[in-house]
Amino acid sequence: MGRLLERLDKVDRRVIYILMAASVIVPLALKLDFPIPIGSGPSMDLYMAIDTLPPGSTVIISFDYDPSTKAELQPMAVALTRHLFGHGVRVIGMAMWPQGASLGQQAMAQAADSLGAEQYEDWVNLGYTVGAGVSLLRMGSSIEAVYPQDRDGVPYDSIPLMRDVRRLGDVDLAISLSAGDPGIHSWVMMAKDTYGVPVGGGCTAVSAPEFYTYLGTGQLVGLLGGLRGAADYETILRERIPGAPGGLATPGMAAQSISHLVIMGFIVIGNVAFIAGRSKRKGGAK
Amino acid sequence: MRIASIAPLLLWTLAVAQVSAPPGLASGPGTQPGAADSCSGCPAAAGCLTCAAPPAAATARLLDISAADVPNDVGGAVELAWTMSEEGVPADSVQVLRSAAGAEPEEAGWILPAAGSWADEGLRDGVEYTYTLVPWAGGVAGAPAGSASVVPAASWFHMGRLGMFILLTILTLVILAYIERAKRGHKLYVREIAGISAVDDAVGRATEMGRPILYIPGIMDMDDIQTIASMVILGRVASKTAEYGANLLVPNTRSVVMSVAQEVVKEAYLAAGRPDAYRRENINYLTDDQFGYAAGVDGIMVRQRPAAIFLLGTFYAESLILAETGKSVGAIQIAGTAMVSQLPFFIAACDYTLIGEELFAASAYLSHEPKLLGSLKGQDAAKLVIMILILLGVAAATLGTAWPPAAKAADFLRLLTHVD
Amino acid sequence: MRLFVPLFMTFICGMIIILQFFVPHRPFSTLGERLTDWYMIVASAAIFLGAVNLLQVHSARIRFRQKNWQYSPVVIGGFLVMMAAGFGWGVADGKPFDWMFQTMVVPMGATMFSLLAFFVASAAFRAFRSSNWRATLLLVSAFIVMLGRVPIGDVIWRLIPGAAASSHPNLVNEIAEWIMQVPNMAGQRAVMIGASLGVVATSLRMIFGIERSYLGGSD
């Protein structure tokens, strides 16, 4: 028994890796599905912030991430743009990360095609801007100064959607889908605190805890945290909007659930071995 | 294009096709390309939708027009405000006419009357501008609503940030006061931080094992304060490695950081009297890409098997990748960052972690310089000031729900800590 | 003089950045932006430094057949191929540079990011040991949040008779949310305030020339 406990205390990390891989692959392969309960929370807050906007409002989405975090943030981008287009809200896309512009284009084009939204009338992709917070500060007085043309080179004044949107304060809501810096921090500091524009956010799961401080003070109207946040949003859309399609986040929840259980199982094994072996060790444990 | 938006567009197109704009007419909401001859003799000669529609009753007036300089700005901006009267035909647009110091009025813009206010920018400071607002309804101009004059000016101080200025001044004076105390020879107690005390042991361990020391200064550029703090600590660590004769590797993700790191290490080796031991090629550039850098550093760890790894600076998602790989090669790891989201990973995977401000305090600890220790004490005193403010604010806000004077105190504290 | 000039420049630049936050009047409002622009120009020029260093280091490894020199031709080759593709055909969508970026660099970056899943498991297994009451509290909180952030937490909760029909059918999720919104937020704020004060103190030390070790040499 003692030897077993010793071995359990020092499980080879490769065993852990193999079981983790299996815990992710098997649920995806078997297409396991767990119901996702939706209650009040930051995901619902963001949904309501969008749903209470009158049709014809303008929302700016900043795609501040790159392909390495696409798995968590792209499903949010697709779900949000679907909701916005379906609600009759106009969408201005932009990015403070270089690859964010093309990822945003994919999300907006995909949603626009399925919902019949017209580019330049209902949505536009302004593209990437270098300068992060400085760009946002300049957009507060003139968006055209930062984006004289959109991502495809169409001049600002030729875009019907932008005719009555001259500065940041003219939008009704800003959403930053952020994988790091620049991202939500810049939007809260510039758009919300300086110009009073309501800001919503989407972020990777590891960053979500630090943004709860902004939720508490009302500087963020809502937050989608990680794959769970994206799955929450997809579920809310399916429950509240008949015919809303599924997304990529919901199937990932089953895999995440099983992998969390595997991690917890290893923690329990490690603690059982640790506690059982502690009485045999002299001196304090670490 | 959605069906719902086509019909009004068609109607508008047909309406426009009925008329053509008179030459020289400025365009804007409320004016349409009007008829050339068919509108002659029309009382609304400035432009109309169609002369078949005679002017209606007088357009509603604009009241209480005011113009004021925009406060706390760089200058050249003014803000107009007005209200609409209830009588008359509601205006569908407002034309803003501007004249500067006796010059002819020019059109400054068109706005919706419901806005109630409008900002004009790009003006010259010190010049008096007079604004006249003209309400328009159905293409017919109403009576000008009077005018307001204003002189734009730049502000020398942003009053919305006065509270922050006061707080910053207090904190700065506290920190400088403690530095002064330290310079005068007062003994200042600072508690031990395990991670900083372990630096010597880590360098010694690497020397004994004959394995290198790996120093990772984070993934941000020199404009990040954590990177600067990391460079400061690098200088101290480099002094020790020069003294002990250990090999120091510093892979960088930014070129500027690499240049600074090379200079810092070179100077440290010079000061330690070991310029011959300095190896410029050990302080190199890998890549700007976040995960490319993580992969490169992991490769260095697995191949070179350092005995001690320092992870000090700004880190993002690659923090756990680096720390776990370092753990797997058996190195003693000392990490430090102010990135709150990455601290849990360092705490789980590293032997010692400097949390938040401890990273900035490390330089003072390692040098034992009185001035730096004094600033550390000052920082703690400043923290005490902030804690007192928080407690006072919480008490005032809580009591303020039932006791008005406390509510006023809470408002004052909010004003003090608010930043525009 | 060697120390005086950089210290003086540090002081002037630091004071400009502080003043431009409080003084909207020209030239202070624009000076801060100018300094940032100048820094970006310097940093852009410094990219060449990094590229030259990369080539120098790896060329030396090949030339002197240092340990693991075989990796260096791969580095230099990749660098030159990408550079040639970028300069030759541009970096627009669909060009060779973009194709190589999307098919090689992007999946490799995503792969490295995916390693976190494995490393989290091994780090958690090793670090989450109930050695004292604080560690136990951390462990219990971690369990609740890990269960509450995925649907299976409430699926397990609802297996308890009466739980599904109770007033809290999503109790695990609610407790996890409370942990995030109350203790977690308090801790995050405390660390952020402390770190911000550290930033202020460090910046003041550098602006006033008290901290000089980043310039190298003795004080």
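Modeller: A residue is called buried if 20 or more other C-beta atoms lie within 10 Å of its own. By that rule, 28% of the 219 residues of chain C count as buried. Keep in mind that this is a predicted model.

Chain C is the part to look at here. Its secondary structure comes to 7 helices and 0 strands.

Next comes the overall form of the chain. A compact globule of 219 residues would have a radius of gyration near 17 Å, whereas the value for chain C is 27 Å. The C-alpha trace of chain C spans about 75 × 50 × 40 Å along its principal axes. Contacts within the chain can be sorted by how far apart the two residues are in sequence. Of the contacts in chain C between residues at least 6 apart, 35% join residues that are at least 24 apart.

Chain C also touches a neighbour. On the side of chain B, 65 residues are in contact with chain C, and on the side of chain C there are 51 residues in contact with chain B. The element of chain B that gives the most to this side is helix α5, residues 255-271, with 10 residues. Sorted by class, the side of chain B that touches chain C holds 37 nonpolar residues, 13 polar ones and 15 charged ones.

For contrast with the helices of chain C, turn to chain A. There, 6 strands form an open sheet with parallel pairing, in the order β3-β2-β1-β4-β5-β6. At the edges of this sheet are β3 (123-128) and β6 (223-225) of chain A, each of which pairs on one side only. Neighbouring strands are turned by 15° against each other on average, with direction ignored.

Inside the sheet, strand β1 (residues 58-64) and strand β2 (residues 90-95) of chain A pair in the parallel sense over 5 bridges. One residue pair to find in the view is A:Ile60 with its bridge partner in β2(A), A:Ile92.

Helix α8 (residues 184-192) of chain A lies across β1, β4 (173-178) and β5 (199-203) of chain A, and runs at about 175° to β5(A). Helix α9 (residues 208-217) of chain A lies across β5 and β6 of chain A, at about 165° to β6(A).

Note on methods
Residues numbered from 1 in each chain as written. Chains lettered and ligands numbered in written order. Predicted model: local features only at pLDDT ≥ 70, side-chain atom pairs only at ≥ 80, totals over all residues. Helix = DSSP H or I, 4+ residues; strand = E, 2+ residues; numbered from the N terminus. Rg over C-alpha atoms; globule rule 2.2 N^0.38 Å. Buried ≥ 20, exposed ≤ 12 C-beta atoms within 10 Å, placed from the backbone. Contact = placed C-beta atoms within 7 Å. Nonpolar A, V, L, I, M, F, W, Y, C, P; charged D, E, K, R; others polar. Pairing = 2+ DSSP bridges. Axes fitted to C-alpha atoms, helices over the stretch in contact; angles between N-to-C directions.
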